[in-house]
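The following report describes a protein model for computational use.

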Amino acid sequence: MTQKVAVLGTGKIGEALLSGMIGSGWSPDDLLVTARRPERAEELRARHGVTPVTNAEAAKHADTLILTVKPQDMGTLLDELAPHIPAERLVISGAAGIPTAFFEERLAPGTPVVRVMTNTPALVDEAMSVISAGTHATAAHLAHTEEIFGAVGKTLRVPESQQDACTALSGSGPAYFFYLVEAMTDAGILLGLPRDKAHDLIVQSAIGAAKMLRDSGEHPVRLRENVTSPAGTTINAIRELENHGVRAALIAALEAARDRSRELASGTKD
């Protein structure tokens, strides 16, 4: 792999991406990083052997730029980068809610832009990264993006019109599961279990259930029915979930996340 890739604004997700790429065979010599704080940049150099540079240097020397700054900081970063990015440079955005048109309007005409929504399981190489092409991005650009993000998990191509929905489901998705585990742990304590034991029971159940969903090919309704015996404990619990509107609450929550993603795209930052 001889292409140089720069990760700009290298936080936790950016560092996870670097680590995954190196583990997949990329040479640290081909990886550039930028960070807001000099000590953070030197930490990345020491930990991964990558080269810290300025944003302008990254734009000039890398073949691919991965922008991982917060959505509210993206406009300022693009103003800094635009004079230095030639039209053939591939720009990959990891910012929630910002459409590829936002970048295309600020960069040289014809610049290929790919939008990616990944999630925090990238930290353990189990990310779900959703990829969409901008106006000038080719199949080769998408394949290159998949090669990069495939180093930290799975990838899925979708039309950009579906990105806000994907952000709501998978981008924010891990938080919903953490919230559920938190609530179930509190329930375990209420039922008389120590916190550590309740936590272990729930986490292992979640891991097992996730593997069954991934590997069995069964519909989740069928898997749930396999656990739900007549007049048993599970059906009584599910009745209470339905009585309290949990399904409706989840749907409403995901709609709210999608709507916020749309607000970010329209320039709402507060």
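## Conventions

Contact means heavy atoms within 4.5 Å. Helices (H or I, at least four residues) and strands (E, at least two) are DSSP runs, numbered from the N terminus. This is a predicted model, in which local features need pLDDT of at least 70 and side-chain atom pairs count only at pLDDT 80 or more, while totals for chains, interfaces and linings use all residues. Residues are numbered from 1 along each chain as its sequence is written, and side-chain values use heavy atoms, with hydrogens and water left out.

## Overall composition

The secondary structure comprises 12 helices and 8 strands. The C-alpha trace spans about 65 × 40 × 35 Å along its principal axes. Of the 270 residues, 36% count as buried; buried means under 20% relative accessible area, exposed over 50%, and partly exposed in between (1.4 Å probe, protein chains only).

Among contacts between residues at least 6 apart in sequence, 63% join residues at least 24 apart.

## Annotated domains

The unreviewed UniProt entry places "domain: Pyrroline-5-carboxylate reductase catalytic N-terminal" at residues 4–97. Over residues 4–97 the chain is 40% helix and 19% strand, with its end C-alpha atoms 27 Å apart. UniProt also lists, in an unreviewed entry, "domain: Pyrroline-5-carboxylate reductase dimerisation" at residues 160–264. Over residues 160–264 the chain is 82% helix and 0% strand, and the end C-alpha atoms are 15 Å apart. UniProt positions are given in the numbering used here, feature names are shortened, and annotations may be inferred rather than shown by experiment.

## Helix 7 and its cover

Helix 7 (residues 163–171) has as its buried residues Gln 163, Asp 164, Cys 166, Thr 167, Ala 168 and Ser 170. The cover over these buried residues includes strand 6 (113–117), strand 7 (127–133), helix 8 (173–190) and helix 12 (246–265).

Glu 104 lies in helix 5 (residues 100–104) and counts as buried because its relative accessibility is 18%. Its side chain reaches the backbone nitrogen of Thr 135 at 2.7 Å. This is a polar contact, defined as a pair of N or O atoms within 3.5 Å; within protein, one must be able to donate a hydrogen and the other to accept it, and residues adjacent in sequence count only if both atoms are side-chain atoms. Glu 104 and Thr 135 are 31 residues apart in sequence, with a C-alpha to C-alpha distance of 8.2 Å.

Thr 111, in the loop between helix 5 and strand 6, is buried, with a relative accessible area of 0%. The side chain of Thr 111 reaches the backbone oxygen of Ala 108 at 2.6 Å.

## Thr 118

Thr 118 occupies the loop between strand 6 and strand 7 and counts as buried at 13% relative accessibility. Its side chain and that of Ser 129 are joined by a polar contact of 2.8 Å. Beyond neighbours within four places in sequence, residues in contact with Thr 118 include Ile 13, Phe 149 and Gly 171.
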